[in-house]
Amino acid sequence: MAGKFSLSNFFGMSDEDEYANTQETAAVTNEGEPTVRPNNVVSMQAAGATKMNKIVLCEPRIYSDAKKVGKSLLENKAVIVNFTRIEATQATRIVDFLTGAVFAINGEIQRVGDQIFLCTPPNYEIDGNLSDIVDQNDFDIEVN
């Protein structure tokens, strides 16, 4: 077989067409004129300015309240769950449910108090550990 095989010929362009296109592009950018942004570029500031992350506070009183927490997590909202108004067995069941829900969405669950948990979807990052701060006795908290 005689002749040179070129991938650009395969797609319907010759090497000369490709060379001419690169020369035109270089001429436009060397003239000092600002380049035009393509239509598929979106400003990060405009996209981030309209969406605000939310934290939901929840104090379940029955097991079925765990469903509300799960829905909030699916809506990308962090949830602080306070178990002071529910029996320990029911609280354990809810924590088990929330652990599974958080695992399913690649989120996190962390204990932040004796009966308080923080559940976060994947777009949140938990930094620090509250129990480490309390152990260091940095705070003088008096309970009346």
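**Sheet, helices and loops**

A: Helix α4 lies across β1, β2 and β4, and runs at about 160° to β2. Keep in mind that this is a predicted model.

Q: Which strands form the sheet, and in what order?

A: The sheet is open and has 4 strands, ordered β1-β2-β4-β3, with mixed pairing. At the edges are β1 (55-58) and β3, each of which pairs on one side only. Direction ignored, neighbouring strands of this sheet are turned by 15° against each other on average.

Q: In what sense do β2 and β4 pair, and over how many bridges?

A: Strand β2 (residues 78-82) pairs with β4 in the antiparallel sense, over 4 bridges. Within that pairing, N82 has I116 of β4 as its bridge partner.

Q: And what about β3 and β4, in what sense do they pair?

A: Strand β3 (residues 108-111) and β4 are antiparallel too, with 4 bridges. The two strands make a hairpin, with 4 residues between them.

Q: Which residue of β4 stands opposite Q110? And which is the bridge partner of E108?

A: Q110 stands opposite L118. The bridge partner of E108 in β4 is T120.

Q: Is the crossing right-handed or left-handed?

A: The crossing of α4 past α5 is right-handed.

Q: Which residues meet there?

A: From α4 there are A66, K67, V69, G70 and L73, and from α5 there are I94, F97, L98 and V102. By type, the residues of this contact are 7 nonpolar, 1 polar and 1 charged.

Q: Where does S72 sit, and is S72 buried or exposed?

A: S72 belongs to helix α4. Its relative accessibility is 11%, so S72 counts as buried, the limit being under 20%.

Q: What does S72 touch?

A: Not counting residues up to four places away in sequence, S72 touches V56, K77 and V79.

Q: Now the loops. Where is N76 found, and what is its phi?

A: N76 is in the loop between α4 and β2. Its phi is near 60°, a positive value, and the residue is not a glycine.

Q: How does N76 count by relative accessibility?

A: At 31%, N76 counts as partly exposed.

Q: What about N106: which loop is it in, and what is its phi?

A: N106 is in the loop between α5 and β3. Phi of N106 is near 65°, again a positive value in a residue other than glycine.

Q: Is N106 buried or exposed?

A: N106 has 62% relative accessibility and therefore counts as exposed.

Q: One more loop residue. Where does I86 lie, and is I86 buried or exposed?

A: I86 lies in the loop between β2 and α5. Its relative accessibility of 13% means that I86 counts as buried.

Q: What is I86 in contact with, leaving aside its neighbours within four places in sequence?

A: I86 is in contact with P60, R61, I62, Y63, A91 and I94. I94 is also one of the α5 residues that meet α4.

Q: How far apart are I86 and Q115 in space?

A: From C-alpha to C-alpha, I86 and Q115 are 9.9 Å apart, and they are 29 residues apart in sequence.

Conventions
Residues are numbered from 1 along each chain as its sequence is written. This is a predicted model: local features need pLDDT of at least 70, side-chain atom pairs count only at pLDDT 80 or more; totals for chains, interfaces and linings use all residues. Side-chain values use heavy atoms; hydrogens and water are left out. A crossing is left-handed if the near helix is turned anticlockwise from the far one by less than a right angle, and right-handed if clockwise. Contact means heavy atoms within 4.5 Å. Ala, Val, Leu, Ile, Met, Phe, Trp, Tyr, Cys and Pro count as nonpolar, Asp, Glu, Lys and Arg as charged, and the others, Gly among them, as polar. Buried means under 20% relative accessible area, exposed over 50%, partly exposed in between (1.4 Å probe, protein chains only). Two strands pair if DSSP finds at least two bridges between them. Axes are lines fitted to C-alpha atoms, for helices over the stretch in contact, and angles run from 0 to 180 degrees between N-to-C directions.
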